[in-house]
Amino acid sequence: MHAFILAGGFATRLWPLTEKRAKPLLPLAGVPLIEYLVRDIPDEIPVTISTNAVFKEAFESWAEHFGRSNVEILIEDVQSDDQKLGALGATAQWITDAKIDDDVLLLTGDNYCGFSFDAFLAAAKNDTTLIAVHDIGDLDKAKAFGTVIADGSQVNGFEEKPKEPKTTLVNTGCSLLPNSVLPILIDHAKEHPDNVGGVFEELLNRGKAIECFSFSEAWFDIGSFDAYIEATKELVGDTVIKESGSSLDSSTHNGSVVIGAHSKVSGSDLTDVVIFENCTIEDCTLSNCVLDKGCTLRGIDLTGKMLREGTKLEKK
Amino acid sequence: MRYRSLLSLWLLTDLAVFVGSYAAAYFLRVGLILSTDFPFEPYITVAAITSPLWLIVLITTRTFALTRSQSSFRNLAYIIYSSAVGTALFALGYYFLYGLFFSRMLLLYALVISTVAIWIWHLLYSKFQRMMLRKDPPVFPTLIVGVTRESRELIAKLNKGLNPLKPVAVLDGKGCKDSEIDGVPVRGKLNKLEDVLGEGITHLIQCSDLEQSLNLLSACRQKKITYMLLPSVLGIVERDEKVESLEGQPVTMVGPKENALMWFFK
């Protein structure tokens, strides 16, 4: 088996946090998002992370720091969104170029999955595609995902981002593809390079069985500011995470607060706030905010804001 | 450099037009002769001495500001005001230097001619300056953020009026289908901001994406770019906003519609 993680997106909805950073490298409760995925993949499974040239150095630096020997960073040589191969296209190209004939554990790098991959892999049946599904309990929210119509663990239908979802069971970007279906994936990618979910519809159309692994643990698709804050609240809880060299003096805090390395907070009120490294916050009231690294705020009240790296707001 | 040279030339030619309009007033009043009763030389000397003072008054009205339209009534009002001050300074200067007053009609001629001449010259010169400033590469390449009805109108107006702020790129927070707007390329979403700003942008006009105003402002401050915000981003689309001050703190004000005269008092 070989794990392949899609991490090539430019994540424009999370701008400016993703201005200089790939979404899978966004820290979630102090840990890069992709790390939650990779550290749960059994050690014997080689991992290939597909990203683009813009984020090459950042991923290589992360991989070196992470220290797992069988992690490979595969660079898709594009500089912008409009040159991308597409997620399925990138997968197909990797399978072709690397002559992959193993089963493939296909993951999207911007998802947080609370379940154990051991349990997921244990649920796999021989030569059958397996997808991890989660009941998000809201038909409106389901419109943004690939929905899975299942009878028990057997998948009978798959609809990618339907306008009128028939179910609240959604694909979570984690699937196990047996090597027998890889030629179908490659074939499908030629016409639909962007549509990863579409490959499941294609498999069903060709009479290939798909099983689903349903889980109740937390799952987040970190695609927006709200999702990022929600995921942080879930993982951090009603507490403060203070990374090395950070300080929180003469301040009050409510909800989930993360203070990045070497950030200094004083005389401030924080409610559900994520502060990246090397920030200085003095005499501020912040609520539902994410501050990228190197921000300096003095005497400011902010609610529901993402601030780009190096922002300086000082009340005169 | 191009802008400074053009501005210097504008200021110098303004001085010449001012003095020239006083000479024209002299000959119009006295006739095409050099009168011995009312000599031309001291008259024009005082006009020349007065001209820099008049120019300072005109500068303080921000008539030469990049964003000022020379054809606006507001601008004409400022020119009239400056010319009136110039005429008063001229009369005072003449009296202080020579202890004499002279024809009131001449002062009236000088006021009218200097006002008209300066306004016409400003209309002509600003058109020439705008053309020169927009020549490739433009001196003030401007980034438009947000594709909305208002931003489309703005781009069209800036291009039609040959405004010195030349739109060279458009970004939109959520992306848009257009590849260009009035000839200005749509470069993509805000993740291209760093790249576009790195291309020498001097002005950024935010036309939507209110939630990103802090970040756009921050990027502008870091790169020493002038940031502008369309009132429509705040929902103000009726062109009735004013920037006022409450105890020294600036506020954007939109008041109820009422008698125009109340504008002076509220």
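R239(B) sits in the loop between β6 and β7 (241–246) of chain B. The model is predicted. Phi of R239(B) is positive, about 55°, although R239(B) is not a glycine. R239(B) has 7 other C-beta atoms within 10 Å; a residue with 12 or fewer counts as exposed, so R239(B) is exposed.

S250(A) lies in the loop between β15 and β16 (252–259) of chain A. Its phi is near 45°, a positive value in a residue other than glycine. S250(A) is exposed too, with 10 other C-beta atoms within 10 Å.

## Cis peptide bonds

In chain A, the peptide bond from W15(A) to P16(A) is cis. Its omega is near 10°. P16(A) belongs to the loop between β1 (2–6) and β2 (27–28) of chain A.

In chain B, D136(B) and P137(B) are joined by a cis peptide bond, with omega about -10°. P137(B) falls in the loop between α4 (104–134) and β1 of chain B.

## The chain B sheet and its helices

Chain B holds an open sheet of six strands. The order is β3-β4-β2-β1-β5-β6, and the pairing is mixed. Strands β1 (residues 140–145) and β2 (residues 165–171) of chain B pair in the parallel sense, over six bridges. Within this pair, T142(B) stands opposite P167(B) in β2(B).

Helix α5 (residues 149–160) of chain B packs on the sheet. It touches β1, β2, β3, β4 (184–188) and β5 (203–206) of chain B. The direction of α5 makes about 150° with that of β2(B). Helix α7 (residues 213–223) of chain B lies across β1, β5 and β6 of chain B. Helix α7 runs at about 155° to β6(B).

## The chain A sheet

Chain A has an open sheet of five strands in the order β15-β17-β19-β21-β24, with parallel pairing. Its edge strands are β15 (247–249) and β24 (312–314) of chain A; each pairs on one side only. Neighbouring strands are turned by 5° against each other on average, direction ignored.

Inside this sheet, β19 (residues 280–282) and β21 (residues 296–298) of chain A pair in the parallel sense over three bridges. T280(A) stands opposite T296(A) in β21(A).

## Overall build of chain A

Chain A has eight helices and 24 strands. Its radius of gyration is 21 Å, close to the 20 Å that the globule rule gives for 316 residues, so chain A is as compact as a globular protein of that length. The C-alpha trace spans about 65 × 40 × 35 Å along its principal axes. Of the 316 residues, 45% count as buried. Among contacts between residues at least 6 apart in sequence, 55% join residues at least 24 apart.

The contact takes eight residues from domain 1 and nine residues from domain 2 of chain A. On the domain 1 side, the residues divide into five nonpolar, one polar and two charged.

Notes: Residues numbered from 1 in each chain as written. Chains lettered and ligands numbered in written order. Predicted model: local features only at pLDDT ≥ 70, side-chain atom pairs only at ≥ 80, totals over all residues. Pairing = 2+ DSSP bridges. Helix = DSSP H or I, 4+ residues; strand = E, 2+ residues; numbered from the N terminus. Axes fitted to C-alpha atoms, helices over the stretch in contact; angles between N-to-C directions. Rg over C-alpha atoms; globule rule 2.2 N^0.38 Å. Buried ≥ 20, exposed ≤ 12 C-beta atoms within 10 Å, placed from the backbone. Contact = placed C-beta atoms within 7 Å. Nonpolar A, V, L, I, M, F, W, Y, C, P; charged D, E, K, R; others polar.
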